[in-house]
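Follow the structure with the model open beside the text.

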Amino acid sequence: MQNDRTRTARNQPAPRVLILCDFDGTVSIKDTVNRLVREHIASPEWRFHVKRYLRGEIGSKGVYEAVAPLMRMTRADLERFVTQHAALDPGFPQFLAWASSRRIDVKILSDGFDATIETLFRNHGISGPEIFANRLIVDGDGGVSIESPHYDPACGTCGTCKFQIIQRFRPSYDKIVLIGDGESDRHAAAAADIVLAMKDLFDYCAQQGIPAVHTRNFSEVPFLLTRSVRAVAFDMDGTLVDSLDSIADAFNHMFAVLGYPPMSTDEVVRKTGISLLDFIRSFVTKEEAEHAVKVFRDYYDTIFLERTTMMPAALETLDALDGTVTQGVVTNKRGPYARLLAEHLGFSGKMTRIIGAEDGFKAKPSAEMFDEFIRAAGAEKENTVYVGDAPIDIQAAHNAGIDAFVLAGPIFSPEELAQHRPRRILRHMSELPAALKPLI
């Protein structure tokens, strides 16, 4: 029976995958469109049309139609411009070879100009990807015209409507991947199955709740699309356990005893990613610090077990991952507290290692606790992720050379977390198991 299932799986055709790549700021690490227009136009009138675009009165097609008659450029000028100002992502040729080896189709979608793309590709010996872009026509007298054959009047924003192109190819592919960086990719991001987002597009996806994987360059793309995560380390407070109110209560008890004003839970949480002693030292005098730590711990010891619960879907997620990945905890909570809570809440048996403050390693954002977890897990950094809920968790993962997956919540919004460039932003813990699997 097992052999029958294995043969059936092997006989199934591989999923049909299409990867659509933006050009300016993505395939070309430099944006060429604005500079190309500015350097080949004499009349200041073009600024008026750009301002209309920025105010949302016209789309890019309208700008191109307005500025083209003001431009003067020869074919030699175009060749010279591309050589000087366009720059191919160094990893793009290897990415194309990888995609070809897996029979993955790659197409270029650009709200820039086909002539720029074609010239850069020819200069680098690249052929093959179909190009969807605005058509830049240079006549023999130096005149310029711009056409937009992929414009969608129902939208009216971009000269090349990437959303429409995705819809056109939807019936032919099982998965459509978008790789982009900017404004012209926004509508397409909502329609793609997988988004690898660079720069501003990652911020936009975070704001709009569009699942996206942050990528810096094409060298990362094959790995990000096919990786299976083998080890996961979790932050504790605010990620696995709901303990923030009890922590804030203990700090405010300490402040009251020492004669300091109270702080809101939000204020406490935003500052307590650092170690307990460092946090306390930032508010009390050097002479008071040792006593303040004792007051905090004496009070917290009496409330933390009964006042701490699991975060929504956290236990179910740990159960779902148990046996499929190596799990552990890396937290700035004291190690004894963390291990006692894990035992009390019923998930300590799922953890290979629970590492906390005062376990002999520097606190986050240092990489020391992560190095110990990776050693204990027998994992490799590239197949290990850290799941947290705060900017310090992202910083710590970066310092450790591993990816950060962060949970947005009431304290840190998706938009704020995106500024720190985690690999992924999750809206709910239940999304994690799927996020750890290969994307294609």
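The buried residues of helix H18 (residues 368-377) pack against strand S8 (231-234), strand S11 (326-334), strand S12 (351-357), strand S13 (384-388) and helix H19 (391-400). Helices (H or I, at least four residues) and strands (E, at least two) are DSSP runs, numbered from the N terminus. Met369, Phe370, Glu372, Phe373, Ile374 and Ala377 are the buried residues of H18; buried means under 20% relative accessible area, exposed over 50%, and partly exposed in between, with a 1.4 Å probe and protein chains only. An α-helix has 3.6 residues a turn, so residues three or four places apart point the same way. Just after H18, Gly378 has a positive phi of about 65°.

The model is predicted: local features need pLDDT of at least 70, side-chain atom pairs count only at pLDDT 80 or more, and totals for chains, interfaces and linings use all residues. Residues are numbered from 1 along each chain as its sequence is written, and side-chain values use heavy atoms, with hydrogens and water left out.

The chain as a whole has 21 helices and 15 strands. Its C-alpha atoms fill a box of roughly 85 × 65 × 35 Å along the principal axes. Of the 440 residues in the chain, 53% are buried. Contact means heavy atoms within 4.5 Å. Among contacts between residues at least 6 apart in sequence, 65% join residues at least 24 apart.

Aromatic rings are the next topic. A pair of aromatic rings is described by the distance of the centres and the angle of the planes. Rings of Phe, Tyr and Trp (its six-membered ring) pair if their centres lie within 6.5 Å; planes under 30 degrees apart count as stacked, over 60 as edge-to-face and the rest as tilted. The structure holds 19 aromatic pairs. In one of them, the ring centres of Phe132 and Phe169 are 5.8 Å apart and the planes stand at 80°, so this pair is edge-to-face. Phe132 belongs to strand S3 (residues 130-138) and Phe169 to helix H8 (residues 162-169), so the pair links distant parts of the chain, 37 residues apart. Phe132 is buried at 3% relative accessibility, and Phe169 is buried at 14%.

Phe251 and Phe296 form a tilted aromatic pair, with 4.4 Å from centre to centre and 35° between the planes. This pair also links distant parts of the chain: Phe251 is in helix H12 (residues 244-258) and Phe296 in helix H15 (residues 289-307), 45 residues apart. Phe251 is buried, with a relative accessible area of 3%, as is Phe296, with 6%. Both belong to one aromatic cluster made up of Phe251, Phe255, Tyr260, Phe279, Phe283, Phe296, Tyr300, Phe304 and Tyr337.

A ring can also face a charge. The charged end of Lys61 sits over the ring of Tyr151, 4.8 Å from the ring centre; the criterion is NZ of Lys or CZ of Arg within 6 Å of the ring centre and within 35 degrees of the ring normal.

Lys107 lies in strand S2 (residues 105-113). Is Lys107 buried or exposed? Lys107 counts as buried because its relative accessible area is 10%. Neighbours within four places in sequence aside, Lys107 is in contact with Leu18, Ile19, Leu20, Cys21, Glu130, Phe132, Phe169 and Tyr173. Phe132 and Phe169, in this list, are the two rings of the edge-to-face pair.

Now the helix crossing. The axes of helix H5 (residues 75-85) and helix H7 (residues 114-123) come within 10 Å and cross at roughly 65°. Axes are lines fitted to C-alpha atoms, for helices over the stretch in contact, and angles run from 0 to 180 degrees between N-to-C directions. From H5, the residues Arg75, Leu78, Glu79, Val82 and Thr83 meet Ala115, Thr116, Thr119, Leu120, Arg122 and Asn123 of H7.

Two residues remain. Ala188 is in helix H9 (residues 186-191) and is buried at 1% relative accessibility. Beyond its neighbours within four places in sequence, Ala188 contacts Lys162, Phe163, Ile166 and Leu178. Pro13 lies in the loop between helix H1 (2-11) and strand S1 (17-21), and Pro13 counts as exposed because its relative accessibility is 74%.
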